[in-house]
Amino acid sequence: MSNKQQTLVRPPYLKVGDTVAIVAPSGILKNRTAEIKRAQDLLSSWGLHTVLGKHLFADGNHFAGTDAERCADFQNAMDNPTISAIWAARGGYGTVRIIDKLDYTKFRENPKWVIGYSDITALHNQLNVEGFESMHAMMAVSVVEDLSEIKETVQTFKDALFGKPLAYTLEGSTYNKPGTVSGQLVGGNLSLLYSMLGSKTSIDVSDRILFIEEIGEYEYSVDRMLQSLKRAGYFDNCKGVIVGDFSKVRKNTTPWGTSMEQLILDALSEYDFPIAFKMPAGHEDDNRALLIGRTIDLSVGKEASTIKFKN
């Protein structure tokens, strides 16, 4: 794609009095009304209003309504000039079924933050190709009763929404591949990045820094995805990789034989770009906000790594 050298459009940060739309482009929200109410209360405590997608609690078997219903809710939120951000209620699976139906005409006139992770990676990819920044952060159903349990998750989400500077110091790892680079941050869920290969929403990671995270996969599946991306030239001009959480790794009857970190290092062994492990982002309680499409300074060392987002 053609965006690797250009600065992406940055939607306006939120301010007190703005409105956030909560919509469900993916999985069904069965018995999740309490979490959505908590999400509304959280935004209200920050001085923000919320509107809920018309079909938020629709039942479309696996999905939150039919493709047409989920698409309509997302399109309405994109087109409504009084809405400043679109917050995905949850992930699961289903966004890929609607992304090609979305029309960006009005969104371009009035860009807004699209927020979520996991399956929402499909939208992050699409927005990146369209030329917009987006926000990889917690979703509405992530709001638990005791917010002290997800303090950093909530605080970094709020900071990102309201435009406060983001910077992270990561724990060190003996697996880290040291180096210092700058570039636009792209990426998200590895399975989604892999599933976009060959489509118009496959991101070009040339001159960029790639973030990856995953949940519920076998180690051989992770290796297969990385090998496939590699064979497609995905990493050829990549500037660096940040590895988030790889959660709930499934056990195969035949052991893989190495750690997940070593698996990733082995798959990327022919490249000399820095690789940082231990980014607290993904499918764990500690899921720090990341601005997708924003230029970052990444410094990777064995003792610690730092990530600083440019303002």
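Entry 1. I took buried to mean under 20% relative accessible area. The model I consulted is a predicted one. I looked up cysteine 71 and found a relative accessible area of 8%, so this residue is buried. I then turned to cysteine 238, which is also buried, with a relative accessible area of 8%. My search for disulfides returned zero.

Entry 2. The six-stranded sheet. I traced an open sheet of six strands in the order β2-β1-β3-β4-β5-β11, and I noted that its pairing is mixed. At its edges I found β2 (49–52) and β11 (290–292), each of which pairs on one side only. On average, neighbouring strands of this sheet are turned by 25 degrees against each other, with direction ignored. I examined the pair β1 and β2, which runs in the parallel sense over four bridges. Within this pair, I recorded leucine 52 in β2 as the bridge partner of isoleucine 22. I also located helix α2 (residues 67–79), which lies across β1, β3 (85–88) and β4 (113–116). The angle of α2 to β1 is about 165 degrees.

Entry 3. Isoleucine 28. I placed this residue in the loop between β1 (19–23) and α1 (33–45). For glycine 60, I noted a separation from isoleucine 28 of 32 residues in sequence and of 7.1 Å in space, C-alpha to C-alpha.

Entry 4. The seven-stranded sheet. I followed an open sheet of seven strands, ordered β6-β13-β12-β7-β8-β9-β10, with mixed pairing. The edge strands are β6 (167–171) and β10 (275–276), and each pairs on one side only. I checked strand β7 (residues 179–189) against strand β8 (residues 208–215) and found parallel pairing over six bridges. Here I recorded phenylalanine 211 in β8 as the bridge partner of glycine 187.

Entry 5. Helices α7 and α8. How do the axes of helix α7 (residues 219–231) and helix α8 (residues 260–267) cross? I found that they come within 10 Å and cross at roughly 20 degrees. Angles under 35 degrees count as roughly parallel, and I therefore described α7 and α8 as roughly parallel to each other. The crossing of α7 past α8 is right-handed. From α7, I listed Glu219, Val222, Asp223, Leu226, Gln227 and Lys230 as meeting Met260, Leu263, Ile264 and Ala267 in α8.

Note on methods. Residues numbered from 1 in each chain as written. Predicted model: local features only at pLDDT ≥ 70, side-chain atom pairs only at ≥ 80, totals over all residues. Heavy atoms only, no water. Pairing = 2+ DSSP bridges. Helix = DSSP H or I, 4+ residues; strand = E, 2+ residues; numbered from the N terminus. Disulfide = S-S within 2.5 Å. Buried < 20%, exposed > 50% of the residue type's maximum accessible area, 1.4 Å probe, protein only. Axes fitted to C-alpha atoms, helices over the stretch in contact; angles between N-to-C directions. Parallel < 35°, antiparallel > 145°, perpendicular 65-115°, else oblique. Left-handed = near helix turned anticlockwise from the far one by under 90°. Contact = heavy atoms within 4.5 Å.
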